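Me: Got a complex open here and I'd like to go through it with you. Can we start with how the chains meet?

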Amino acid sequence: MKEFIVKNIENEGVVAMYTIQFSGENLSEFEKFVQRFKDSAELKRDYQIIIYALSKIASQGALERYFRPEGKINDRVCALPVDSGGLRLYCLRITDKILIIGNGGVKTTRTYEESEELLGYVIDLQNFDSLIKNEVANGTLTISETEIENITDKTFEI
Amino acid sequence: MSAKLNLQDFLNDIPSDVQKEVEWSFAIADKIEIVLQKKNISHKELAKKMGKTEAEVSRWVGGTHNFTLRTIAKISSAIGTDLIRV
């Protein structure tokens with residue numbers, strides 16, 4: 001089992017953005033993505049496109065069409081892709097106004113399942129998605145129109 | 001990095017040409033989607049009309065597509081609305 005907390009990514013837009021941080025780690029999953037690609041010789045521009053696209057999404061809404069479905073049909077895992085390249089940032093699109101941002105990497109295989117690294121990121125988000133659904137169903141977590149109430153006060157295990 | 005995360009902190013180093021590329025890509029994507037909705041044309045219908053796949057239309061309206069002038073001209077013709085003005 002992996003223990004983690006949820007951190008808010010403050011922004012001036014209309015979308016509540018969160019990321020997750022595993023126990024014992026200094027950086028959240030989103031920060032790990034940033035650290036890995038912000039100075040990459042090959043992928044810096046693709047990284048910058050993804051980060052700036054996030055700011056557009058923050059201001060316009062996490063609309064379904066801005067993301068590519070990446071998980072299974074019954075989960076909310078999706079990827080923010082750069083169309084011209086293989087860099088992907090994996091997310092849980094809860095609603096048009098609530099987005100949980102995970103880690104990401106370069107998709108060099110036909111599907112994410114063929115990459116051990118990308119599969120790991122997707123599975124973490126799939127498991128968290130299931131957990132959220134269960135907690136919402138049993139009333140321990142509440143999703144409002146603009147946020148997941150008190151999610152940053154809790155510790156989760158997947 | 002600080003314990004508190006703010007999206008703005010990650011945007012400070014994004015060059016203006018990248019910002020323009022994404023701004024324009026989102027603007028074109030949003031305009032395609034608005035025209036399609038206004039004219040009640042589905043992605044599937046547009047794809048069929050242009051001899052493309054629905055996946056390709058999804059990429060156009062996704063906000064991070066690197067459009068060529070040729071693609072913009074073809075989409076503009078297909079939907080009957082100029083996507084850009086020079």
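Me: Which strand of chain A is joined to β1(B), and do the two run parallel or antiparallel?
Reply: This is a predicted model. In it, strand β1 of chain A, residues 3–10, is joined to β1(B) by two bridges. The strands run parallel.

Me: What is the bridge partner of A:E10 in β1(B)?
Reply: B:N6 is the partner of A:E10 there.

Me: Zooming out, how many residues of chain B are in contact with chain A?
Reply: 22 residues of chain B, against 27 residues of chain A.

Me: Which elements of chain B give two or more residues to that side?
Reply: β1 (5–6), α1 (7–11), α2 (16–38) and α4 (54–60) of chain B. The largest share comes from α2(B), with six residues.

Me: And how do the residues on that side divide into nonpolar, polar and charged?
Reply: Eleven are nonpolar, eight are polar and three are charged.

Me: What scores does the predictor give the complex?
Reply: An ipTM of 0.92 and a pTM of 0.94.

Me: What's the mean pLDDT of chain B?
Reply: The mean is 95. In chain B, 98% of residues reach 70 or more.

Me: New topic. Where is A:V34 found?
Reply: A:V34 sits in helix α1 of chain A, residues 29–37.

Me: Is A:V34 buried or exposed?
Reply: Buried, because A:V34 has 21 C-beta neighbours inside 10 Å. The cut-off for buried is 20 or more.

Me: How far apart are A:V34 and A:A62 in space?
Reply: 20 Å, C-alpha to C-alpha. In sequence, A:V34 and A:A62 are 28 residues apart.

Definitions and conventions:
Residues numbered from 1 in each chain as written. Chains lettered and ligands numbered in written order. Predicted model: local features only at pLDDT ≥ 70, side-chain atom pairs only at ≥ 80, totals over all residues. pLDDT = per-residue confidence, 0-100. Contact = placed C-beta atoms within 7 Å. Helix = DSSP H or I, 4+ residues; strand = E, 2+ residues; numbered from the N terminus. Nonpolar A, V, L, I, M, F, W, Y, C, P; charged D, E, K, R; others polar. Pairing = 2+ DSSP bridges. Buried ≥ 20, exposed ≤ 12 C-beta atoms within 10 Å, placed from the backbone.
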